Amino acid sequence: MITVQEHLSRIVDTVQRLPPIGLDLLDAQGCVLAQDVTSEVALPGFRNSAMDGYAVHAADLALAGDATPVTLPVSGDIAAGDTRALLLAPGQSMRIMTGAPMPDGADAVVPVERTDAGLTSVIVWAPVSVGQHVREPGEDVAIGDVVLSEGTRLEARQIALLAAVGTGEVRVTPRPRVVVISTGDELIEPGTRPGFGQVVDSNSLMLTAAVRALGCIALRVGGVRDDASAFLSTIEAQLLRADAVITTGGVSMGAYDTVKEVLSAVGTMRFDKVAMQPGMPQGFGVLGDNATPVFTLPGNPVSAMVSFEVFVAPALRLMAGRPQQETALVPAVASHDWTAPAGKVQYARVVLSRNGSGHPCGCLSGYTVAIAGLQGSHALASLAGANALAVIPADVTSVRAGDQVSCHLLGPVREAS
Ligand code: AMP
Ligand code: MG
């Protein structure tokens, strides 16, 4: 038996960041920059108005006040998108819209709310200081600034910045393409009602969805029979298009454990018992000309999901140029007792909630956990109902109400009502 950490270390020491590719900005959403991006433009690119109002010479309004309004002639209108080179003479004003270029000579903008909104002449009731409501070129981004550095993940906000500085395509680490294969003679295609002895292949849908949710590209193959040559030819064919392969089933001690039987002697594949519950039988190694990482997960759905979270997701993140872990474990307080196996890390399906007030003992946690339901590794209803896995160390055999436990998030945390 090896530890969770030993198996994980072997995986993360093996997988490698994928070579970079060029992608259009929106196609690069969720990917990580493979290079720094330097701006060749300034933002704003030109002096412009921060308000709808009137471009003025501030000195002309020095004496403006509620009791002493100042009237200025309005010599024109400037809308956003106006590209004329305009000049504002002293003693004049121009109606200007938010984002429109400031006319030369003007040094401030009076917001329309402090005026009578006049069209040919305008009455102003308040003074403005030089520079007020004016956006200066380069105050946001200067020419030559590194706007985003290598390793930054591109989400909506970063995509906006890259677009604003004129970038169309970026070099990023691509999303890993992950082939999902399930094995078992009992499996039938999803969308079919199972008969006696049949089981719907829920694993391949679950893992396809999990791969996608992680921001990777899932290629679902679905169910393969427990037949050595069928499995071998499937995996050989799939290696051609995969950056990683996940299989489920066929890795335990049973008589028809085809995956283990076929892959034991191939590449760097190794099959181990890992001291965890659920998820004990695990296989990992690289196969094929491109040394493609292959994760052979146990067939029980909960074991497969926990194995994905603990071993596969960290590897896929690293391949995508992301940190191995992106979300910290959440400390929470157990709301009741439960038992845990000796010598194995328990990943208990739990419901994690915010309790609003914090825990009376004064510990930092404002979260509580309760077991989500039946904990067998076949039990899908409790998996679907859980929003976290409580990670109970191997040397702990019982959790008591009030104990602090660390939780690995699977989904959003409910607010206390
Ligand atoms: P195995 O690891 O192949 O011995 O499978 C262990 C248990 O998981 C068995 O009860 C299988 O029926 C079930 N199982 C295996 N593969 C799948 C799958 N793709 N979807 C749902 N259940 C599965
Ligand atoms: Mg099987």
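Predicted model: local features only at pLDDT ≥ 70, side-chain atom pairs only at ≥ 80, totals over all residues.
Local features here need pLDDT of at least 70 and side-chain atom pairs count only at pLDDT 80 or more, while totals for chains, interfaces and linings use all residues. Side-chain values use heavy atoms, with hydrogens and water left out, and residues are numbered from 1 along each chain.

Student: Which residues come nearest to ligand 1?
Tutor: A residue counts as near if one of its heavy atoms lies within 4 Å of the molecule, and 17 residues are around ligand 1. These shell residues divide into 4 nonpolar, 10 polar and 3 charged, where Gly is counted as polar and Asp, Glu, Lys and Arg as charged. The nearest are Glu186, Asp201, Gly250, Gly299 and Asn300.

Student: How far is a polar side-chain atom of Asp201 from a nitrogen atom of ligand 1?
Tutor: A polar contact is a pair of N or O atoms within 3.5 Å. A polar backbone atom of Asn203 is 3.2 Å from a nitrogen atom of ligand 1, and one of Gly250 is 2.9 Å from an oxygen atom of the ligand. For the side chain of Asp201, the distance to a ligand nitrogen atom is 2.7 Å.

Student: Which strands hold the residues of the aromatic pair?
Tutor: Rings of Phe, Tyr and Trp (its six-membered ring) pair if their centres lie within 6.5 Å, with planes under 30 degrees apart stacked, over 60 edge-to-face and the rest tilted. Phe284 and Phe295 are tilted, at 5.1 Å centre to centre and 45° between the planes. The pair ties together parts 11 residues apart in sequence, because Phe284 lies in strand E20 and Phe295 in strand E21 (strands being DSSP runs of at least two residues).

Notes
Chains lettered and ligands numbered in written order. Polar contact = N/O pair within 3.5 Å; in protein donor to acceptor, adjacent residues only side chain to side chain. Helix = DSSP H or I, 4+ residues; strand = E, 2+ residues; numbered from the N terminus.
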